[in-house]
Amino acid sequence: MSRILTGIQSSGSPHLGNVLGAILPAIELSKQNESFLFIADLHALTTVKNKNILKENTLATAAAWLAFDLDTTKNTLYRQSDIPQVTELMWYLNCITPYPMLANAHSFKDKSNRLSDVNAGLFTYPVLMAADIILYNADIVPVGKDQLQHLEITRDIATRFNFLFGDTFVIPNAKTDQNNMIIPGTDGQKMSKSYDNYINIFESEKILKKQIMNIVTDSKSLNEPKDPDKCNVFQIYKLIGTQNQIQDLEKKYQNGGFGYGHAKKELLDLIMQKFEKPRSNFYKLMKDPLIIEKELLKGSKRAQFVADTVLKKVKDKLGLS
Ligand code: ATP
Ligand code: MG
């Protein structure tokens, strides 16, 4: 049995990319393994500067895990900030992380090009992520393709620590699903909370419809035959539909007389039908946040125990205890 670990930032509400890229594969793996799943609220501080929004996002992210029936009797669901050992470990790791490795990270380059607030937290983001993973002796980290470079950084840092101070950390492996898919957003780029191009399956039908109607398409008229492979709507539909549903929609595109508005409506119907149960679970949980808080408290106790043991070993090796 391996230890699986993965996190989602509470930088917004969890979207379809998070669900397909992280939540569902991690829950699947957690059935045969032991999982540590967390809400990365410390990472979210790099972009969120409003207390109420952060709290709301944290609850919604936890609710999303629970809405997909994560079994918390055998897996550990916790809030990153409940385990302050992680920031302590991050400092130790900072001191052995080569500066150019962080300066060359794609995600930092991308965020520093796009955001007006380029803070040091964005720069050291991958070191906190490394601490998140190796503090819990995780073997396998299910992540979307967008996070593969961060995983490489984690492996480099852990290997370097083991080399300098003796065998201490488990070297984790990344696991990507959906044939290494990056789920596209409404504009065709990677779906992301910070790009405002997401489809949030937990939103009301009205907002969900608006998000889906925003998917960018070309300007082919209703009657023209269309190439499904060049359409963002179809790319997203393909990720969640059954084989038959996908083939049916493909034919409609190719036959013509079927507009992008129709395709979007089919996508909306599919999402409503496919995620009916998790959507209803999510609403129930968000109405009663105490249930979520109780789950997080239970998880943080378990996480704390592992974190204490590993951190003690680390301090010993560093000459700090
Ligand atoms: P932000 O824009 O704030 O970075 P995000 O939308 O990228 O947010 P994260 O919290 O960074 O979401 O990612 C959480 C998990 O979801 C990670 O495992 C990541 O790989 C996965 N994930 C995020 N977006 C996608 C996507 N578009 N396709 C596949 N997986 C994704
Ligand atoms: Mg991200």
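**Figure 1. Lining of the largest pocket.** The largest pocket is lined by 46 residues, and those nearest its centre are Q9, Y125, D146, Q147 and K190. This is a predicted model, in which local features need pLDDT of at least 70, side-chain atom pairs count only at pLDDT 80 or more, and totals for chains, interfaces and linings use all residues. Residues are numbered from 1 along each chain as its sequence is written, chains are lettered from A and ligands numbered from 1 in the order in which they are written, and side-chain values use heavy atoms, with hydrogens and water left out. The largest pocket has a volume of about 920 Å³. Pockets and cavities are found on a 1 Å grid over the protein atoms alone: a cavity is a set of points where a 1.4 Å probe fits but cannot get out, a pocket is an open set with protein on both sides within 12 Å along at least five of seven lines, and lining residues have an atom within 4 Å of a point. Grid points are joined across faces, edges and corners, and a volume is the space filled by probe spheres set on the points.

**Figure 2. Elements around the largest pocket.** At least two lining residues come from each of β1, α1, β2 (34–40), α6 (106–114), α7 (120–134), β4 (140–142) and α8 (148–165). Helices (H or I, at least four residues) and strands (E, at least two) are DSSP runs, numbered from the N terminus. The lining has 18 nonpolar, 20 polar and eight charged residues. Here Ala, Val, Leu, Ile, Met, Phe, Trp, Tyr, Cys and Pro count as nonpolar, Asp, Glu, Lys and Arg as charged, and the others, Gly among them, as polar.

**Figure 3. Ligand 1 and its shell.** Ligand 1 takes the space of the largest pocket (more than half of its atoms lie within 2 Å of the grid points). β1 (3–9) and α1 (16–30) are the elements that give two or more residues to its shell. The top contributor is α1, with four residues. In total, 22 residues surround ligand 1, with H15, G144, D146, S192 and S194 the closest (a heavy atom within 4 Å). Seven of the shell residues are nonpolar, 11 polar and four charged.

Figure 4. A polar contact here is a pair of N or O atoms within 3.5 Å. The side chain of H15 places an N or O atom 2.6 Å from an oxygen atom of ligand 1. A nitrogen atom of ligand 1 lies 2.9 Å from a backbone N or O atom of I183. For M191, a polar backbone atom is 2.9 Å from a nitrogen atom of ligand 1. The protein covers 97% of the 600 Å² of accessible area that ligand 1 has on its own (Shrake-Rupley method, 1.4 Å probe).

**Figure 5. The second largest pocket.** Its volume is about 150 Å³. D41, K51, L54, K55, T58, L59, R79 and E293 form the lining. Helix α3 (residues 51–67) gives the most, with five residues. By class, the lining has two nonpolar, one polar and five charged residues.

Figure 6. The whole structure holds two cavities of 30 Å³ or more.

Conventions
A polar contact is a pair of N or O atoms within 3.5 Å; within protein, one must be able to donate a hydrogen and the other to accept it, and residues adjacent in sequence count only if both atoms are side-chain atoms.
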